[in-house]
Amino acid sequence: MKIFKSRRKLADHNSKPTNTATASPTLETDFQPSTAIDPAPIIPPAVASINLDHYDLHTLVTKISTITTDYNQTRAQLQAQLFAELEEQRETRQTIEQDLAQTNTRIDDLNQQLAKALDNTDLTHQVTAADEQLTTLQAQIDRQQTTFKTLTDQLVTQTKKQHSLASQQQQLTMTRQSIVQTLHAEQDPLKLLAAAEAYRTRLEQLAGQLQQVKAQQTANNAQKTQLTTAVNVNKTQLQQLKQQLKAAQATKMAAKQAIQLRAGQQSQQLAALAAQLDQLTISQQRATVRLTKLNAQIKLAKQQLLDWFGTTHQVRQLNTDNDHHYVVALDSFLPQQPDALVQTVTRLLAAGAKTVGLYSALFDINLVAELEAWADQNHIDWQRLTIINPLYQLQNQGVVSGEPVELPTNIADQQWDATQHVRTVTLTDNRGQLNVAYQADDETQIKAISYLNDGHLVKRSFFNQHGLLAANALFDTDGTLTQEQYYRLDGLVSLIIDYQAGQQVNVKLFNSSGIQTNTFTNTDAFTTWWLTHYLPQPCAMVGLLESNNYQQLMQLPQLKAVPFISAAYTHSAQLTTYLQQTTQTQFIVANYQTAQVVIQNSPGNLDLLYLNPVYLPAQIDNPRQLASN
């Protein structure tokens with residue numbers, strides 16, 4: 001079954017991992033005791049030539065241990081004190097900057113108020129508008145008066161003409177009446193006829209003239225009526241324009257009076273605003289002086305930190321108290337960095353971590369036994385380690401039930417291979433054959449059984465430390481894996497993986513009642529889901545930063561990472577770019593030199609844990625005392 005083959009065949013850990021035991025290096029082979037990271041420092045000739053009192057080694061170690069303890073404590077206190085003072089100065093600067101910003105804002109507001117107080121634009125606009133309106137109205141009145149005079153003159157002319165026509169009518173009428181009276185007075189008919197004939201033409205002329213005069217009077221009366229109406233309309237319009245002119249004059253006068261009134265108010269307001277502005281300007285100048293002085297103090301403090309500690313960022317030891325829990329990603333270290341794995345776990349425990357979690361995405365039912373052997377080989381307290389693994393979590397659910405596995409009774413023949421700890425069993429049906437593998441340290445406990453039918457492997461069963469069935473692998477006639485079945489302690493199936501042409505096509509998850517609850521495309525998807533729901537929280541995942549496996553883990557949003565940076569990765573351009581761009585502040589570093597690379601390239605404060613905390617520099621120089629203001 002490929003999932004349980006030796007991890008010796010694990011591909012390069014920088015390639016995308018396969019979360020099955022096809023890539024499962026044997027821990028007894030790959031986990032080795034840690035080796036020293038830093039070589040002993042070379043003592044310069046100047047130091048080597050110094051005459052030292054001779055002590056035995058124990059005394060020297062005790063003496064330097066006391067010195068280093070005092071040094072470390074004093075250094076930590078000095079660093080804490082300097083950063084506390086720097087932080088206090090920064091907070092004070094921030095307060096001053098905020099106050100200065102508020103003062104500048106108030107000064108800008110006062111300047112705007114001053115400008116507004118001096119601004120009579122609104123009233124000036126009213127005066128200007130009134131003047132423009134007055135000019136316009138006066139021009140209209142002048143035009144209206146000219147029109148009115150023209151109409152009045154025309155009306156006078158028409159009245160005169162009307163009087164002339166009336167007089168002319170009266171003359172014609174009197175002439176006509178005189179002729180008529182003359183005719184009426186004539187008693188002699190013949191004379192009357194002669195007179196009538198004599199006056200007939202004259203009367204006709206008079207009648208025509210009267211009719212003409214009446215027509216002229218009618219036309220003149222119509223023109224006079226029109227002129228009278230036009231005069232009245234013009235007179236009304238002229239009155240309205242004069243009223244508008246009067247109103248505009250009143251508006252102009254009111255605006256001028258308002259300007260005069262405002263001038264008095266402005267004098268008082270300007271005095272008050274100017275006094276406030278003077279006070280704010282003084283405050284601004286004082287704050288600027290304080291800020292300049294404080295910036296100089298901060299610059300001095302930074303220079304002091306840089307000269308004494310090599311960085312202006314605070315570097316503290318990674319917190320490993322009981323409130324901080326760490327899980328080490330085994331797959332990121334193996335198989336290339338087994339020593340770093342041992343040193344990382346050992347260092348976390350030595351630094352005060354109560355327990356350390358060991359995480360692996362591999363599907364390996366022997367994971368616990370392998371890790372226990374690894375811990376024993378590297379002198380790590382097994383009781384302080386916890387296993388964090390999806391398969392381990394699934395298979396350790398439920399209560400142990402059932403009987404340990406035993407060989408069947410229908411055995412026709414059996415052969416024992418003491419070297420391989422394998423018993424070959426032939427069954428009585430002459431078709432079935434079993435290859436039974438036993439534990440190397442207990443030849444009575446069955447580890448796995450391979451089922452062969454006519455020489456073809458059809459099934460392989462694996463058993464846990466209780467002798468109970470832990471997993472089955474099913475194969476087709478050509479030996480290709482088709483399915484894997486994993487079981488809980490109580491015998492219920494917990495996970496089934498289906499294969500086609502050697503590739504995972506389906507992963508089914510079952511609950512404690514044997515009900516299928518989830519389906520995944522492969523074990524990678526299942527593992528990602530499992531990490532989201534079952535990774536112990538709170539915890540931080542420690543892994544080899546240069547490992548692609550670990551970089552993929554770091555992409556999970558709920559996972560807090562604490563990368564381990566190896567000495568070999570120190571000079572990588574990728575590391576420099578990563579440190580300059582990341583917001584990560586917690587690291588485990590291989591040695592002092594690695595720490596310096598991290599410190600010099602990180603933009604902020606750091607929490608570091610050194611794998612080798614006892615590295616002794618060849619010489620420590622006294623820090624340069626800076627002058628203070």
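Trainee: Which strands does helix H10 lie across, and at what angle does H10 run to E13?

Mentor: This is a predicted model, where local features need pLDDT of at least 70, side-chain atom pairs count only at pLDDT 80 or more, and totals for chains, interfaces and linings use all residues. Residues are numbered from 1 along each chain as its sequence is written, and side-chain values use heavy atoms, with hydrogens and water left out. Helix H10 (residues 523–534) lies across strands E12 (493–500), E13 (503–510) and E14. Its angle to E13 is about 35°.

Trainee: Which strands are the edges of the ten-stranded open sheet?

Mentor: The sheet's order is E5-E6-E7-E8-E9-E10-E11-E12-E13-E14, with antiparallel pairing. Strands pair if DSSP finds at least two bridges between them. An edge strand pairs on one side only, and here the edges are E5 (411–417) and E14 (516–520).

Trainee: Is Thr229 buried, partly exposed or exposed?

Mentor: Thr229 is in helix H5 (residues 189–309). Buried means under 20% relative accessible area and exposed over 50%, with partly exposed in between (1.4 Å probe, protein chains only). Thr229 has 44% relative accessibility, so Thr229 counts as partly exposed.

Trainee: Which backbone oxygen does the side chain of Asn601 reach, and at what distance?

Mentor: Asn601 is in helix H13 (residues 592–601). Not counting residues up to four places away in sequence, Asn601 touches Thr576, Leu579 and Gln580 (contact: heavy atoms within 4.5 Å). Its side chain reaches the backbone oxygen of Val597 at 2.8 Å.

Key
Helices (H or I, at least four residues) and strands (E, at least two) are DSSP runs, numbered from the N terminus. A polar contact is a pair of N or O atoms within 3.5 Å; within protein, one must be able to donate a hydrogen and the other to accept it, and residues adjacent in sequence count only if both atoms are side-chain atoms. Axes are lines fitted to C-alpha atoms, for helices over the stretch in contact, and angles run from 0 to 180 degrees between N-to-C directions.
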